[in-house]
Amino acid sequence: MLDDGPLIPRNLALHPAPYDPGYKTTLARSPALPLLSMDSSASEETGPRFGHGSLGALDNNLILNWTRGKSPAIGERIVMHGRVLDERGRGVPHTLVEVWQANAGGRYRHKKDGYLAPLDPNFGGAGRTITDEAGRYQFLTIRPGAYPWPNRGNDWRPMHIHVSVFGHSFGQRLITQMYFEGDPLIPLCPIAATIKDRAQLDRLVAPLDMANSKPLDYLAYKFDIVLRGRRQSMFENKPEGM
Amino acid sequence: MVQKLEMLQETPSQTAGPYVHIGLMPSYTGNGQIFAQELGESPIADGAQGEIIEITGSIYDGTGWAMRDALIESWQPDAQGRFAGQDGADPNLSGFCRFAADAESGEFTLRTVKPGPVALRDGRVQAPHISLWIVARGINLGLQTRIYFEDEDNSADPLLARIEQRPRVETLIAKKTGAGQYRFDIRLQGDGETVFLDI
Ligand SMILES: [Fe+3]
């Protein structure tokens, strides 16, 4: 009995619906017709694997990676850490985790971001790492600022870090966002509110983790990520016609 | 109380937002200095076996506008239908690519090798296809779809066979526009909405 069966079907009820009037951009970008469901095949069960060789030593250090170690970014120093797990609670080893975020003032280093807050010359805003044997990962970064965005009259994004995870199967591919414990903007945000069940949204809110904070250096926030698992292949080796 | 199943739930998705490129394709937005090597720049290396093809297209929103801010990932097997890491797979094919529409034209181009057919567990054979995953501002959960090819025999493909409204099958089939050239447009909504997958 191995976990090499098809991917466990997604529970779409815990994800945001494609169409959400509170988040205006979804209105013209949401498929209206039902998704086509099928047991996964090799196309979804395999996926790209990235070796440590393709990553640089500072890739998971957003404080230093933009200047290649020359000059640290401005802001409140934090460590974001956690585990990538599957639905069976097992760590997903050797998988790529990528993050991107605004700087301490809430400004992205992106040609389309024209927010008033200045760019930090020492901050690029992206990082990546590969999980260890137990599925653990960590990033050293600065706490991103909240920022306003054009949606309704006065919408603001809570402080957040965008997170992209691969797992071992292309069908596990997931992008989400990490929020910070205690941020009063979380309940006001239309993007956070695309998740209708508050208990599900709370799973994206990282708690302050004093036990892993380093005195006189950084605060830690813990963020675990759960990817789809695989069905166990019991009774699937039966002879034809049984 | 019944026994506990001891299962976790998948982490909920959130939109990739308008700035996804700074994280996943930094050079696309002028931030190429951040990493020594970007991931997914091409699905093939020199010497990849099989027919080199180019697939060009756009992603249209519900108003008919060719979106400029989406990011696409593709995943495919080699010309023999073997995925990277499998026994005998072509060492010059990673099978993974990241690409985005050109800011001026709104068109993307994927240059790769034509994939081979892949069997299901039950032995039925899937017609050659490339898997896609699309994220952007306004897309709350990454959209999965597939590119099939007009000049392949798609008649027995198990996934295409499940599409009840037969004209919709066409939304998954790239049209041949020249030698090794294909057109594949994606429509998120409205007339000709692409078939998206839950696999
Ligand atoms: Fe953001």
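Q: How are the donor residues of the iron ion spaced in sequence?
A: In this predicted model, the spacing reads Y-x38-Y-x12-H-x1-H. Tyr108(A) and His160(A) tie together distant parts of the chain, 52 residues apart. Tyr108(A) sits in the loop between β3 and β4 of chain A, while His160(A) belongs to strand β8 (residues 160–165). Both of these residues are buried.

Q: Which atoms are the protein donors of the iron ion?
A: Look for the OH atoms of Tyr108(A) and Tyr147(A), plus NE2 of His160(A) and of His162(A). They lie 1.9 to 2.2 Å from the iron ion.

Q: What do the angles among the 4 donor atoms say about the site?
A: Four donors count as tetrahedral if all angles lie between 85 and 135 degrees. Here the angles run from 89 to 165 degrees, and the site is irregular.

Q: What is the strand order in the open sheet of 5 strands?
A: As a general idea, strands of a sheet pair through backbone hydrogen bonds, either parallel or antiparallel. In chain A the order is β4-β3-β8-β9-β10, with mixed pairing. At the edges are β4 (126–130) and β10 (205–206), each pairing on one side only. Strands β3 (residues 96–100) and β4 of chain A run antiparallel, joined by 5 bridges; Val97(A), for one, has Thr129(A) as its bridge partner in β4(A).

Q: How many helices and strands does chain A have, and how compact is it?
A: Count 2 helices and 12 strands. The radius of gyration is 20 Å, close to the 18 Å from the globule rule for 242 residues, so chain A is as compact as a globular protein of that length. Of those 242 residues, 56% count as buried.

How values were computed:
Residues numbered from 1 in each chain as written. Chains lettered and ligands numbered in written order. Predicted model: local features only at pLDDT ≥ 70, side-chain atom pairs only at ≥ 80, totals over all residues. Heavy atoms only, no water. Pairing = 2+ DSSP bridges. Helix = DSSP H or I, 4+ residues; strand = E, 2+ residues; numbered from the N terminus. Donors = N, O, S within 2.8 Å, 3.2 Å for Na, K, Ca; no water. Tetrahedral: all angles 85-135°; square planar, octahedral: opposite > 155°, others 65-115°. Buried < 20%, exposed > 50% of the residue type's maximum accessible area, 1.4 Å probe, protein only. Rg over C-alpha atoms; globule rule 2.2 N^0.38 Å.
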